[in-house]
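This briefing goes through one protein structure by topic. Look at the sequence and the model first, then read the points below.

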Amino acid sequence: MSKEFKNKIFNTLIKNETTDIYRIVKIVMESVEKLKINGKTKMDIALDLISEFINIMPDNDLKTVLMGSLRVGLFKSMIELICAASKNKMKINNMKSFCC
């Protein structure tokens with residue numbers, strides 16, 4: 001992964017003042033999805049990017065919470081859930097009525 005690619009993602013996260021888990025995962029997943037690599041490698045790259053982004057954040061309570069979330073696997077689980085939903089592997093009949 002190039003430094004330019006990583007900086008583009010970080011700049012997007014910073015520009016949008018991204019501090020919540022959902023937006024971090026969304027921006028990183030949409031960026032990594034464009035890479036021509038397999039799913040396992042995409043997951044590893046996404047988690048590495050999230051970790052690096054959290055590490056460059058100023059030290060505060062939010063950073064502590066996000067690092068804890070990363071450490072216990074919340075980011076990985078969220079990415080896996082999104083992937084499962086995108087492949088219709090969830091037994092939810094009507095996502096619109098569930099989500100909106």
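Does L70 count as buried or exposed? At 18% relative accessibility, L70 counts as buried (buried is under 20% relative accessible area, exposed over 50%, partly exposed in between, with a 1.4 Å probe and protein chains only). The model is predicted, so local features need pLDDT of at least 70 and side-chain atom pairs pLDDT 80 or more, while totals for chains, interfaces and linings use all residues. Residues are numbered from 1 along each chain as its sequence is written, and side-chain values use heavy atoms, with hydrogens and water left out.

**Overall picture**
- The protein has six helices and zero strands (DSSP runs, numbered from the N terminus: helices are H or I with at least four residues, strands are E with at least two).
- Of the 100 residues of the protein, 30% count as buried.
- Taken along the principal axes, the C-alpha atoms fill a box of roughly 40 × 35 × 25 Å.
- Among contacts between residues at least 6 apart in sequence, 53% join residues at least 24 apart (contact means heavy atoms within 4.5 Å).

**Surroundings of L70**
- L70 is part of helix 4, which covers residues 61-71.
- Leaving out residues up to four places away in sequence, L70 touches L47, I50, S51, I54 and F75.
- The C-alpha atoms of L70 and L47 are separated by 8.1 Å, and these residues are 23 residues apart along the chain.

**Helix 2 and helix 3**
- Helix 2 (residues 21-33) packs against helix 3 at an angle of about 135°, with their axes 10 Å apart (axes are lines fitted to C-alpha atoms, for helices over the stretch in contact, and angles run from 0 to 180 degrees between N-to-C directions).
- The two helices are therefore oblique to each other (under 35 degrees is roughly parallel, over 145 roughly antiparallel, 65 to 115 roughly perpendicular, and the rest oblique).
- I24, V25, V28, V32 and E33 in helix 2 meet K42, I45, A46, L49, I50 and F53 in helix 3.

**The aromatic pair**
- A search of the whole structure finds one aromatic pair (rings of Phe, Tyr and Trp, the last by its six-membered ring, pair if their centres lie within 6.5 Å).
- The ring centres of F10 and F53 are 6.0 Å apart and the planes are at 40°, so the pair is tilted (under 30 degrees is stacked, over 60 edge-to-face, the rest tilted).
- F10 lies in helix 1 (residues 3-15) and F53 in helix 3 (residues 39-56), so the pair ties together parts that are 43 residues apart in sequence.
- Both F10 and F53 are buried.
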